[in-house]
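Please open the structure in your viewer and keep the selection tool at hand.

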Amino acid sequence: MNIKENDDFSRNMNQPELNTGQAHIRFDNKTGKDWICCPWCGKKAFPVSEGAEIKNQEFKCRGSKCKKTFWVNIGGERND
């Protein structure tokens with residue numbers, strides 16, 4: 001297989017998503033709950049109860065190699 005030196009693989013990869021420091025919500029199939037996750041490393045921070053509201057709260061990741069801060073905004077009106 002011959003690999004070109006100037007091949008940047010752009011035709012095979014998606015553009016990276018912009019990370020704004022906003023937490024992600026991920027569903028855990030084992031527990032059946034939604035979890036707030038660190039946007040930097042993906043570690044689960046805490047579960048979210050249904051109907052919970054958190055506005056502009058700053059949290060620090062507990063990941064041993066991450067320790068970055070991120071913002072959590074959940075609740076309020078949703079347009080599904």
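What percentage of the contacts in the chain with a separation of 6 or more is accounted for by residues 24 or more positions apart? The share is 22%. Please bear in mind throughout that this is a predicted model.

**The whole chain**

Begin with a cartoon view of the chain. It contains 0 helices and 5 strands, and along the sequence the pattern reads β-β-β-β-β. Next, display the surface. The accessible surface of the chain amounts to about 7200 Å², and carbon and sulfur atoms hold 46% of that area. Of the 80 residues in the chain, 21% are buried.

**The aromatic rings**

Select Phe46, Phe59 and Phe70, which ring pairs link into a cluster. The structure holds 2 aromatic pairs. One of them joins Phe46 and Phe59: the ring centres are 4.9 Å apart, and the planes make an angle of 45°, a tilted arrangement. Phe46 belongs to strand β3 (residues 44-48) and Phe59 to strand β4 (residues 54-60), so this pair ties together parts that lie 13 residues apart in sequence.

Is Phe46 buried or exposed? Phe46 counts as buried because its relative accessibility is 19%, and the limit for a buried residue is under 20%. Phe59, by contrast, is partly exposed, with a relative accessible area of 26%.

**The nonpolar core**

Now select Ala23, Ile36, Cys38, Phe46, Val48, Ile54, Cys61, Cys66, Phe70, Val72 and Ile74. These 11 residues form the largest nonpolar core. Strands β3 and β5 (69-74) each supply at least two residues of this core, and β5 gives the largest share, with 3 residues. In soluble globular proteins, nonpolar side chains tend to be buried together.

**Charges over rings**

Finally, select two lysines together with two tryptophan rings. The charged end of Lys44 sits over the ring of Trp35, at 4.6 Å from the ring centre. Then turn to Lys68, whose charged end sits over the ring of Trp40, 5.0 Å from the centre of that ring.

Note on methods: Residues are numbered from 1 along each chain as its sequence is written. This is a predicted model: local features need pLDDT of at least 70, side-chain atom pairs count only at pLDDT 80 or more; totals for chains, interfaces and linings use all residues. Side-chain values use heavy atoms; hydrogens and water are left out. Helices (H or I, at least four residues) and strands (E, at least two) are DSSP runs, numbered from the N terminus. Buried means under 20% relative accessible area, exposed over 50%, partly exposed in between (1.4 Å probe, protein chains only). Contact means heavy atoms within 4.5 Å. Accessible areas come from the Shrake-Rupley method with a 1.4 Å probe; for residues, only the protein chains shown count as cover. Rings of Phe, Tyr and Trp (its six-membered ring) pair if their centres lie within 6.5 Å; planes under 30 degrees apart count as stacked, over 60 as edge-to-face and the rest as tilted. A charge sits over a ring if NZ of Lys or CZ of Arg is within 6 Å of the ring centre and within 35 degrees of the ring normal. A nonpolar core is a set of buried Ala, Val, Leu, Ile, Met, Phe, Trp, Tyr and Cys residues joined through side-chain atoms within 4.5 Å.
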